[in-house]
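Thank you all for coming; I would like to walk you slowly through one structure, so please have the sequence and the model in view as I talk.

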Amino acid sequence: MYILAEIKEHLDDWELDLFRSTCFGHFLDVDTGWTEGAKVAQRNTFAGQYVHFLMLRRMQTLKTKELWFLVEGKPTRFSIDEFALVTGLRCHDEPILSQKMRVKLKNRLCDEHFSSSLQIKLQDLAHCFRNLCKKEDSGKEKKGKKQKKKITQKGGREDRVKIALVWFLEGALLSSDPKKNISEFHLSLVDELDIFNEYPWGKVAFDMTFDSLWVKNLA
């Protein structure tokens with residue numbers, strides 16, 4: 001959750017309110033205390049041990065998209081229902097975007113902040129977010145001076161939040177491979193927050209989590 005901690009640290013009150021109004025807003029209430037120093041290693045070690053503990057107790061069933069474990073003699077299920085309860089995310093089927101919606105989606109964020117690059121990785125999102133925050137700090141220091149393009153304008157502040165949303169999505173919820181390119185579709189979708197907020201990110205995250213656990217089970 002270091003990503004969430006950094007987002008909370010660098011966004012101002014107005015930007016945090018905007019982030020909180022989105023489908024990921026409730027995650028701002030998550031305690032990010034375990035992102036400091038040695039606690040990161042402790043957290044990662046515990047999470048890995050817990051997953052290993054569960055996979056050793058995997059039950060064989062005919063259920064699809066469900067994993068069952070025998071914990072303390074009791075069958076315990078992991079399915080999209082439990083995932084929805086824990087994450088609070090939309091977990092219904094992915095919507096079919098209408099042609100009108102697809103036409104509405106643009107690559108503005110890619111064009112303005114990533115030089116139209118088609119190979120945007122997780123570290124590029126982090127760099128972009130931090131760079132936008134530095135520009136904000138620089139803008140505050142030069143307050144009163146004319147600037148060609150102020151990052152403190154509403155559009156620039158919204159972009160910081162939008163980049164933060166995709167960074168949190170890719171890095172925290174989806175745990176994207178740092179070596180692989182992130183989805184350009186996600187950057188297009190976040191530029192239309194009304195569509196982004198209605199998208200079933202819980203379904204997307206659950207499918208990736210389930211597939212990862214299934215692979216671990218076969219290994």
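This is a predicted model: local features need pLDDT of at least 70, side-chain atom pairs count only at pLDDT 80 or more; totals for chains, interfaces and linings use all residues.

E6 counts as buried because its relative accessibility is 14%, where buried means under 20% relative accessible area, exposed means over 50%, and partly exposed lies in between, computed with a 1.4 Å probe on protein chains only. Residues are numbered from 1 along each chain as its sequence is written, and side-chain values use heavy atoms, with hydrogens and water left out.

E6 sits in helix α1, residues 2–10; helices here are DSSP runs of H or I with at least four residues, strands are runs of E with at least two, and both are numbered from the N terminus. If we set aside neighbours within four places in sequence, E6 is in contact with F129, R130 and W167, contact meaning heavy atoms within 4.5 Å.

Which residues of α1 are buried? They are I3, L4, E6 and I7. These residues lie on the same side of α1, because they cover an arc of only 160° around the axis, the arc being that of the directions from the helix axis to the C-beta atoms. An α-helix has 3.6 residues a turn, so residues three or four places apart point the same way.

I7 also brings us to the largest nonpolar core, which has 55 residues and in which I7, F19, F24, L125, L187 and W201 have the most contacts. Such a core is a set of buried Ala, Val, Leu, Ile, Met, Phe, Trp, Tyr and Cys residues joined through side-chain atoms within 4.5 Å. Helix α8, residues 154–173, gives the most to this core, with 9 residues. L187, leaving aside neighbours within four places in sequence, is in contact with residues including L109, F114, L125 and I163.

L109 is also touched by D191, as are R108 and K162, again not counting residues up to four places away in sequence. D191 is found in the loop between α9 (184–190) and α10 (193–198), and with 15% relative accessibility D191 counts as buried. The side chain of D191 makes a polar contact with the side chain of R108 at 2.8 Å. A polar contact is a pair of N or O atoms within 3.5 Å; within protein, one must be able to donate a hydrogen and the other to accept it, and residues adjacent in sequence count only if both atoms are side-chain atoms.
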